[in-house]
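Please read it alongside the sequence and coordinates.

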Amino acid sequence: MFNSLGASTLSRSGTIASELIPVDSFQAKVLVVDDHPSSRMTAVALLSVEGYEVLEADSGTAGLKRVIEGNPDLILLDVMMPGMDGFEVCRRLKEDEQTRLIPVVFITALNDKRSRIMGIEAGGDDFLTKPFDRLELSARVKSLVRQKRLNEDLDHAEQVLFSMARAVESRDPNTGDHCERLVAMGKAFGEYIQLPREDIRNLMWGGYLHDIGKVGIPDAVLLKKGTFTPEEREIMNGHVLIGEKICKPLRTMRGVIPIIRYHHERWDGSGYPDGLVGDAIPYLAQIFQILDIYDALTSERPYKRAFTPDEALELISQETEKGWRNPQLIEQFMAFIKQSVLPNQ
Ligand code: SIN
Ligand code: FE
């Protein structure tokens, strides 16, 4: 879900998400299971600096025991350990109803593809390579802890949808930690314009789920580099309808569906899927689209560098002049970004 590129983009472009939304890290507990004292200490030191409470274990068996005693929010798990290895520890945790929701991040050597495959088979949630990159570690831990908190509040069917959305994100070369930042920005901007709580929740869920329909887009289109043919464009545009269909059966998704279906409409009617004009576009979809675009602009993508907040706002305002966005909403968004990114100016 996360990659180091995303993490460094965050700091370089001054993207607001990480600054505005603390992850309650002071409350989050991370268990580090590693038989090598030196690498365990490195992880412990880095996480402590970030404000996490850190538990330690020096073997697989001790790790399992610590999980039961300490109920951590996340586990960093070394793969190669004498006695019970990391894969077995992970399998046991994922089989147990009490512990299966705790995210497990495997610590592997760089390019150890076999371990990664075995880690996925054992039910691992993510990977980190040694030596640790501080930003990468911090970004992954933050994202997974947030995800776990979310999962705790969801029923089983909702969890399936969120897992699906994560799987899509890992398939899509353009996203990185895009969804995670959208969730944070949705909350921050929603609060800024004083939306009702329910709307803020829907904006945040939209952050995770808006592109879930990409699950139905073939690799040949989703992963294509370069411009789409008209047929490919049509297939790609179908992601909003597929997404709506996937989420429709769930009553709790009712407020998110307008975001999923309409996040590519444009104010002047030139968007898709329905070519809705102006306020016929559901308000939350209008808002969400702005966040989606701003984050895409300020992030590095395979085909472009990360624009600065100022450059991004300039591009967005050109698009608004073309008629693509709600000018009033854009004005509020610009004020929000200016006070978030440049709070003292
Ligand atoms: C997206 O929905 O993330 C992008 C779709 C597109 O490339 O048109
Ligand atoms: Fe989309």
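The notes below take the ligand site first, then the domains, then the cavities.

The model is a predicted one. Ligand 1 sits in the largest pocket, and the protein is divided into two parts, domain 1 (15-154) and domain 2 (172-344). Two cavities of 30 Å³ or more are counted.

**Ligand site**

- The residues around ligand 1 are D211, K214, R233, M236, H239, H264 and Y272.
- Sorted by class, this shell consists of three charged, two polar and two nonpolar residues.
- For R233, an N or O atom of the side chain lies 2.6 Å from an oxygen atom of ligand 1.
- For K214, the distance between a side-chain N or O atom and an oxygen atom of ligand 1 is 2.8 Å.
- For H239, a side-chain N or O atom is 2.9 Å from an oxygen atom of ligand 1.
- On its own, ligand 1 has 260 Å² of accessible area, and the protein covers 72% of this.
- The pocket that holds ligand 1 is the largest pocket.

**Domains**

- Domain 1 spans residues 15-154, and domain 2 spans residues 172-344.
- Between the C-alpha centres of domain 1 and domain 2 the separation is 31 Å.

**Cavities**

- Rolling a probe the size of a water molecule over the atoms shows where empty space is left.
- The count of cavities of 30 Å³ or more comes to two.
- About 70 Å³ is the volume of the largest cavity.
- The lining of the largest cavity includes A165, V168, E169, D172, T175 and H178.
- Also among its lining residues are C179, Y208, H210, D211, I212 and K214.
- D211 and K214 line the largest cavity and are also among the residues around ligand 1.

Key:
Residues numbered from 1 in each chain as written. Chains lettered and ligands numbered in written order. Predicted model: local features only at pLDDT ≥ 70, side-chain atom pairs only at ≥ 80, totals over all residues. Heavy atoms only, no water. Near = heavy atom within 4 Å. Polar contact = N/O pair within 3.5 Å; in protein donor to acceptor, adjacent residues only side chain to side chain. Areas by Shrake-Rupley, 256 points an atom, 1.4 Å probe, with all protein chains shown as cover. 1 Å grid on protein atoms, 1.4 Å probe; cavity = no way out; pocket = protein on both sides within 12 Å on 5 of 7 lines; lining within 4 Å. Sits in = over half its atoms within 2 Å of the grid points. Nonpolar A, V, L, I, M, F, W, Y, C, P; charged D, E, K, R; others polar. Domains from an automatic or database assignment. Points joined across faces, edges and corners; volume = space filled by probe spheres on them.
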